[in-house]
Amino acid sequence: MQDYAIAPSILSADFARLGAEVDKVLADGADIVHFDVMDNHYVPNLTIGPMVCSALRKYGVTAPIDVHLMVSPVDRIIGDFLEAGASYITFHPEASQHIDRSLQLIKQGGAKAGLVFNPATPLDVLKYVMDKVDMVLLMSVNPGFGGQKFIPGTLDKLREARALIDASGRDIRLEIDGGVNVENIREIAEAGADTFVAGSAIFNAPDYKAVIDRMRSELAQVAR
Ligand SMILES: O=C(CO)[C@@H](O)[C@H](O)COP(=O)(O)O
């Protein structure tokens with residue numbers, strides 16, 4: 001079976017009890033902590049920054065932390081997230097003046113680097129930096145808020161990204177983010193995703209483990 005990873009987005013967690021929420025979702029079977037950084041500039045919302053990432057590490061979180069920067073410009077915040085213990089740092093190509101340089105900053109700092117594509121952003125730049133990318137994140141909603149509906153056109157884009165990744169021969173995760181739930185996760189995996197961000201589907205449910213277990217049983221039935 002494919003090495004699938006479930007990455008709950010803490011955007012939908014209870015921020016007043018963040019450490020306990022992260023502990024619980026990891027104990028309930030999540031693989032990766034998805035950490036959404038919004039700057040009220042690149043996107044119309046404001047969330048959490050490097051101090052919160054660092055606080056989670058000090059609190060004892062050892063799981064990979066996948067930092068999604070919805071921030072412009074990106075370069076000046078990358079160093080802070082490297083120090084704060086980010087495992088992955090992904091950013092939007094349109095938020096960097098020098099995409100190759102931003103990717104190098106992340107990798108030289110010891111984290112895995114990735115690019116994020118909004119629903120209407122083409123994948124064109126990817127082919128020029130494939131050798132520096134460890135993750136490709138496709139947004140299946142317009143970024144800024146949790147709880148939106150999955151945009152179905154993202155399935156074709158996933159197939160396109162999967163073909164590019166497979167052709168590269170590199171070990172690159174293909175992550176999907178926005179409107180992922182138990183009902184659509186199998187179709188999304190069949191289109192090529194291997195890493196699934198889910199915010200409201202998990203954190204708005206009374207039983208996180210039940211949702212994650214149901215997601216895994218859907219993934220166990222994926223035909224590829
Ligand atoms: O980055 C974002 C939104 O910009 C996402 O990570 C959302 O937080 C996902 O939430 P759901 O769509 O799963 O509720």
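**What the numbers say about this predicted model**

User: Which residues come nearest to the ligand?

Analyst: In this predicted model, S9, P143, G146, G199 and S200 come nearest, out of 22 residues around the ligand. A residue counts as near if its C-beta atom, placed from the backbone, lies within 6 Å of the molecule. Strand 2 (33-38), strand 8 (195-198) and helix 8 (200-203) each give two or more residues to that shell. Residues are numbered from 1 along each chain as its sequence is written.

User: How do you know what the protein's radius of gyration agrees with?

Analyst: The globule rule is 2.2 Å times the number of residues to the power 0.38, with the radius taken over C-alpha atoms. For 224 residues a compact globule would come out near 17 Å, and the protein has 16 Å, so the two agree.

User: What share of the residues is buried?

Analyst: Buried residues make up 45% of the 224; the label needs 20 or more other C-beta atoms within 10 Å of the residue's own, with C-beta atoms placed from the backbone.

User: And what is the confidence, as pLDDT?

Analyst: pLDDT is the predictor's confidence in each residue, from 0 to 100; the protein averages 97, and 99% of the residues score at least 70. Local features need pLDDT of at least 70 and side-chain atom pairs 80 or more, while totals for chains, interfaces and linings use all residues.

How values were computed:
Helices (H or I, at least four residues) and strands (E, at least two) are DSSP runs, numbered from the N terminus. A residue is buried if 20 or more other C-beta atoms lie within 10 Å of its own, exposed if 12 or fewer, and partly exposed in between; C-beta atoms are placed from the backbone.
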